[in-house]
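Please read these points beside the model.

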Amino acid sequence: MSSADDQKRAAGEAAAALVETGMVVGLGTGSTAAWFVRALAARGLNVTCVATSQATADLASSFGLAIAELGETRAIDLTVDGADEIGPGLSLIKGGGAALLREKLVWEASGRCVVIADAAKQVKTLGKFPLPIEVVAFGHKTTALRICDVLSEFDIAMMPRLRVTDGGPVRTDGGNLIYDAACGRIEEPAALAAALKSVTGVVDHGLFLDLADLALIGADGGVMTLEP
Ligand code: 5RP
């Protein structure tokens, strides 16, 4: 049986094969996206990359890939990124690496988005992985209470938890905070996405709906291809 890391690597390498010379390529964040970055660099193509986090920009630069800011290149041809959950229709939960805002900005600016993952990420219903929600730091406890109210409208009774590390709150590359909402099951992802987005103080959330064009999922015996 292949390990999760083997599966991530296989998916990353399969995605790198989709890149053509001259493309502008969006680079995701996380361990699976890192395999894609390595495989892309190994191909030695002439590409320009737009990174979804400082960590990915640093990794890509260390392999000699050219990095540009979002908006400083022509349109992004292809973005490849990981996910925390892949649900029906390639609906996704992302943001486990606290990069969801930059990821969504890059995905939405891309002609084609490919999600890469190990087999354990595929789920029948989104929500077991706690939904990351990025909020501005000012008044964040008040924002968290309002998020809680929104969740209760969807019969999700829980208080989102501030993401912390080594005793301090996690800060995103943009200086915001992350709350994680352990929803359990998200029965109406589109409605929940819209409701969360309407809360003042919420910058964005990790529901990526109608954005992925293709999933490449590493599994025992090869890489599975899924379309929405
Ligand atoms: C970062 C993300 C990642 O793509 C997601 O957390 C998956 O990470 P990994 O590839 O390490 O399992 O959304 O914000």
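Buried here means under 20% relative accessible area, exposed over 50%, and partly exposed in between (1.4 Å probe, protein chains only). This is a predicted model, in which local features need pLDDT of at least 70 and side-chain atom pairs count only at pLDDT 80 or more, while totals for chains, interfaces and linings use all residues. Residues are numbered from 1 along each chain as its sequence is written, and side-chain values use heavy atoms, with hydrogens and water left out.

1. A salt bridge is a side-chain nitrogen of Lys or Arg within 4 Å of a carboxyl oxygen of Asp or Glu. The count by this rule is 10.

2. Lys104 and Asp204 form a salt bridge, with the closest N and O atoms 2.8 Å apart. The pair links distant parts of the chain, 100 residues apart. Lys104 is buried at 6% relative accessibility, and Asp204 is buried at 5%.

3. Asp118 and Lys121 also meet in a salt bridge, at 3.3 Å from N to O. Asp118 counts as buried at 5% relative accessibility; Lys121 is buried at 16%.

4. In the salt bridge between Asp77 and Arg74, N and O are 3.1 Å apart. Asp77 is partly exposed at 26% relative accessible area, as is Arg74 at 48%.

5. Around the ligand there are 17 residues (a heavy atom within 4 Å). Among the closest are Asp84 and Lys121. A polar side-chain atom of Asp84 lies 2.6 Å from a ligand oxygen, and one of Lys94 lies 2.9 Å from a ligand oxygen.

Notes
A polar contact is a pair of N or O atoms within 3.5 Å; within protein, one must be able to donate a hydrogen and the other to accept it, and residues adjacent in sequence count only if both atoms are side-chain atoms. Helices (H or I, at least four residues) and strands (E, at least two) are DSSP runs, numbered from the N terminus.
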